[in-house]
Amino acid sequence: MSGAPDIRTTFFQECDELLEALNDGLASVQEQVAGGPSDPEALHAIFRAVHSIKGGAGAFGLNALVRFAHAFETVLDLLRSGKIPATEDLVALLFRAGDMLTDHVTAAREGRENAGDPAVAALMAELAAVSGAPEAPAAAEDEGGEEDFGFVPMTLPFELEGPGAQRFHIAFAASRRLYANGHDPLILFEALSAIGTLEVAVSAARLPDLTTLDPEEGYLDWALTLETEQDRGAIEEVFEFVEGLAEIEIRCEDEDPPAGAEGIDAGPQIAPAPRDPATVAEGSADATPPPPAPARVAPDAPPVAPTAASAAPPASQSAPGAAQGASSAPPASATIRVDLERVDGLINAVGELVIHQAMIAQKLAEAGVAWNSDIGAGFDAFRNLTSEIQERVMAIRAQPIKPLFQRMARIVREAAAVSGKTAQLRTEGEATEVDKTVIERLAEPLTHILRNAVDHGLETSEKRVAAGKPASGVISLSATYRSGRVVIEVADDGAGINREKVRAIAIEKGLIDPAAELSEAEVDRLLFMPGFSTATEVSDLSGRGVGMDVVKRTIQAIGGRISINSTPGRGTVISISLPLTLAVLDGILIEVCGETMVVPITAVVETLRPGPKDIHAIGPDQRVVTVRDTVVPVVDLGQVFGLPGTCSQDILLLVETESRNRYALAVDAIKDQSQVVIKGLEGNYRHVAGISAATILGDGRIALIIDPEEAVAQAAPVSPVAAAVAASAPPSSQPAALTPAR
Amino acid sequence: MSLTILAIDDSRTIREMLNAALSAAGFSVHLAVDGEDGLDKLSQTAPDVVITDINMPRLDGFGFIEGARARDESRAVPILVLTTESAADLKARARDAGATGWIVKPFDEMRLISAIHRVAGMRAAG
């Protein structure tokens, strides 16, 4: 059947779930092979996953996918039945097959077929070698490969042209099993009458005495005469399901009766006797069902129980159930699928609700309504409900990070294969839920970090063994909630950052001065500097033209922070701290020249109130501030945004940019710290340099959210180097570091 | 008269397909996600025909058929096995368990409905 578009969507959603189950199962099998506790269900789950994907794919005519799934499934079947042993190599092969299956599904989703890929053929050959099956012939690459999988070709039930009318004599003797399997001879006769003119004669010769009658036994024999233009195949098809459950003898009148054709007890009496008084029904091509055969033929015999029992129950009996049962969801996890747009709409509406609630709070305070008054108490309850609604709505968008982590397992496998290292990924906190958008945007940076960890972090097996470590490297990927944020850590147990090498590269690339004194943490942070890594000096694997600076920028773009921590000989840990959602932001409300603005709290390192001695003027209207012996340029936000009015600029917000340079944003006052609902500017107005978005404050005013990175670039009054130079002694004797000196 | 059909498959895709095809053909359709669920729904929905997958978690198709046949109310209900395997031994096993007939996946609507007619009779015409 051609599957409607929405069923297609369902199929791919289900594929994602099945692939997840597949990877889970494979991980469990891998543990078992490594000596972990036995879990036979894991293998069955893997098999079912592949099997279900194959089943659905078949329905959509995704032949390349079906072929691959079939080869995969064959190996799994042998494995689960114990015909081939589970080895590390085999598990590795299964993982690769799982990855390939994922690729096939992805290709199918994008409307491609993966058939021509030589890697597919190679892996299929490997699978075939394991299962001992003859390798699929090249012809199987064609669309006509279905018969390799034992699918019955679809045929129309009725042929349009027959060989001309023929008379068939059919002897039919029902067995006990015929009834036990839910068959009804009457229905078979109906089907025969649909393909020709049928005459039916029944014999109750075998019917025993009533006292000894077993109501479940089949005692009746039928002699049927069918005049039809269909051939023998059409008749055999009618009896297809009852083959083996009844004695059936089909003889064409034109043919010689085969020896022993009357093999049925009652044969002679009921044989071809078209107009015999025992004839009970004259079926014809019109669909009038014949009356129940046994009752008419043998009025002295009791109705045959199984036939009666198979009668359909009255429709009214089943009708009430139809209303509730028709679209019943799996009992295990009751879920509904909702368009993401609807959820976003809901989130926006809740955002408005929060804003209006803040406005009402302000109005109530202005009106002098006491908090312990009825209105105050009512509003308090309202506020609690609002924040609960907000939390719950945000939870709708939140998804477990598990699928992302599973994709990373593949990245590690592939990276290890390419670099010739052995590596294992251990994941923790897969149930941690993160906003869907955050998860989506996290995939790329995380991929890069993991490739790096395998490629640069882990040592080769030989080096590891020499250092007294296990030959296989371990990369841990974990997610945890920490103070309202999600922290994702990638830790490898490799050699740690080679700081001398990093330093040497940075000097060679002119990123730092050869004489610069850098702390260990500062050297580590050099990895995040733009221009540190280039395609020429990293291997094919991690270097895809993307450096860690891009990783950092991507993380920052979703409101995250990234840090690195390395111990020589023990490994490196990269931590990513992310907001739970992109819909709200923790901000510091500041005042600049009479305007209230918001600075994302993640960007702010510290706030300070400098004394007059700490500020130095360099040039006509450029200033720097000394913070613990470091010189930091001061950025006048009022000037950057062209705000009129008086600015006292008493307070400085120390912010750090992606290149680890620090700037001090001069503001008049810090008013508050609060969560603000992010409202995009682009959709309603246009992009404004230095401004990332807007929000609506409790008093109903709009406040702009500052993008410190851009705001600083807008100002770019003094580079930190120039600042350092200006504030320090003659430059020749004391060159400045490009990186901050803290 | 519309017949009631209980379709059991652990794959949501196949369930939706069966539901779409059978509902369009005028049947009243109930769905179950595995053998256990199928046995539960069997009593609730009193189907005229059951269509079941073989490979399912918790209770597979064989187990479902045996369970259904052990009950008075469903001992004679036609049960069609829906399976990707056309292998003879699986058919034989299904039949030993008490299956009435089988449909091989991928199925088309015509074949599906024709198989239902073959076990439930032409009155099943929707």
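This report describes aromatic ring contacts in a predicted model.

A pair of aromatic rings is described by the distance of the centres and the angle of the planes. Over all chains, the count comes to nine aromatic pairs. Two of the pairs are set out in the table below.

| Pair | Centre to centre | Angle between the planes | Arrangement |
|---|---|---|---|
| F172(A) and W222(A) | 6.0 Å | 50° | tilted |
| F379(A) and F382(A) | 5.8 Å | 50° | tilted |

The pair of F172(A) and W222(A) joins two strands of chain A. F172(A) belongs to strand β1 (residues 166–174) and W222(A) to strand β3 (residues 221–228), so their contact ties together parts that are 50 residues apart in sequence. F172(A) has a relative accessible area of 0% and is therefore buried, since buried means under 20%. W222(A), at 2% relative accessibility, is buried as well. Both residues also belong to a cluster linked by ring pairs, which consists of F172(A), F189(A), W222(A) and F239(A).

F379(A) is buried at 5% relative accessibility, whereas F382(A) is partly exposed at 32%.

The charged end of R80(A) is placed over the ring of F47(A), at 3.6 Å from the ring centre. Likewise, R8(A) has its charged end over the ring of F60(A), 6.0 Å from the centre of that ring.

Conventions
Residues numbered from 1 in each chain as written. Chains lettered and ligands numbered in written order. Predicted model: local features only at pLDDT ≥ 70, side-chain atom pairs only at ≥ 80, totals over all residues. Heavy atoms only, no water. Phe/Tyr/Trp six-rings, centres within 6.5 Å; stacked < 30°, edge-to-face > 60°. Helix = DSSP H or I, 4+ residues; strand = E, 2+ residues; numbered from the N terminus. Buried < 20%, exposed > 50% of the residue type's maximum accessible area, 1.4 Å probe, protein only. Lys NZ or Arg CZ within 6 Å of the ring centre and 35° of its normal.
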